[in-house]
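Reader: I'm new to this one, could you walk me through it?
Author: Gladly; here it is, and we can begin with the surface.

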Amino acid sequence: MTPELTRHHSGGRVTATMVAKHAGVSVATVSLVVNDKFRGRVSPANVSKVRESIKELGYVVDRVASSLSKGSSDLVILIAPDISNPFFAGVIAGIKEIIADRFQLLVSVTDDGNLPQAQEIRASLEYRPSALLIFAPNESFVHDVRGQAPMVLIDAPGMEHVAPTINIDIDASARLLGNHLIGLGHRSFGYLDSITGSKTFDLRREALMDQITQSGGTESKSSTASSVVEFEAAARAFESSWAEWKGDEVTCVICATDIQAYGVIKAARKLGLSIPGDLSVASFDNLSYSSISSPSLTSVELPSVELGRAAARHALALIDGEMVKVAHEVFAGELYVRESTGAPASTE
């Protein structure tokens, strides 16, 4: 089947035959170009002719017909738990930087901070994506969508045996932050976790608390609360936990994400606490706002753009049949020490 290039022109439907005539090439050549199968089969000059004709005439590919023709579409789908978190803007930017010349990115998310269920993305899968990029999945979800398209997992520790996986070095990130806080003399901590149930958040908390125990000895202790990754929800969670944490002599609150840390800072001020005088606050993500918040926020930068780029590169390799074994790539975080844990104001 030759996919049609659809646009009504002079009252009629324009087909691949008409595009071929305009470009001065065969219909088969048009089909190879629009289906991205021209490499080694169509001369660069003819590829340019077809693309210039399509651009000049303003035609677009009928993607449903195209996906039926070649078995997959020119879509890559990112399945993520929470697009409202600015962290994902970096992931998306990294993916698009790599795939933009060949594929379009479709993002599938829910509005509750949890990974979509397999049945929720069935409609998207009907477009026959060329690849799936899945952020912080669980194994049951991966099992449910396996076989639909080549798959790359992002921030999926412990799942390296399942598919190519792009991870954050959680232990290294925990060491950076834990050593910094213990070095400041903190021994009693509050930890505000995410309630998404994602394994990556569990490992982030466990690695940090293990590092704090190792660095601070048996005298260190921690208490945990949780909220969705949302500013006001985090503020409420801190307010409801503070009486208990104050009784435990908590001097530092660590948050799973910067978004939650902003809420903690707001709530602490409402309760009359000064930061970092009465309470230090630190977190993970290092969003762009964290360097200009008041006070500026100490945070471990998780390399969102690099994660997106690496995942996209692995996806392209799978699509092109260049990778035959499971690959695993790991990126370390970087600690930015700022006013919320006592660093002087800076001009980053």
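Reader: How much accessible surface does the protein have?
Author: The accessible surface of the protein comes to about 15900 Å², and 49% of that belongs to carbon and sulfur atoms, with areas taken from the Shrake-Rupley method with a 1.4 Å probe, where for residues only the protein chains shown count as cover. This is a predicted model, in which local features need pLDDT of at least 70 and side-chain atom pairs count only at pLDDT 80 or more, while totals for chains, interfaces and linings use all residues. Residues are numbered from 1 along each chain as its sequence is written, and side-chain values use heavy atoms, with hydrogens and water left out.

Reader: And what share of the residues is buried?
Author: Of the 348 residues, 52% count as buried, meaning under 20% relative accessible area, with exposed being over 50% and partly exposed in between (1.4 Å probe, protein chains only).

Reader: OK, switching to cysteines: how many disulfides are there?
Author: A search of the whole structure finds zero disulfides, a disulfide being a pair of cysteine sulfur atoms within 2.5 Å. Cys252 is in no disulfide, and its nearest cysteine sulfur, that of Cys255, is 8.9 Å away.

Reader: Is Cys252 buried or exposed?
Author: Cys252 counts as buried because its relative accessibility is 0%. Cys255 is likewise in no disulfide, and Cys255 is buried, with a relative accessible area of 0%.

Reader: What does Leu133 touch?
Author: Leaving aside neighbours within four places in sequence, Leu133 is in contact (heavy atoms within 4.5 Å) with residues including Val76, Ile95, Val152 and Ala311.
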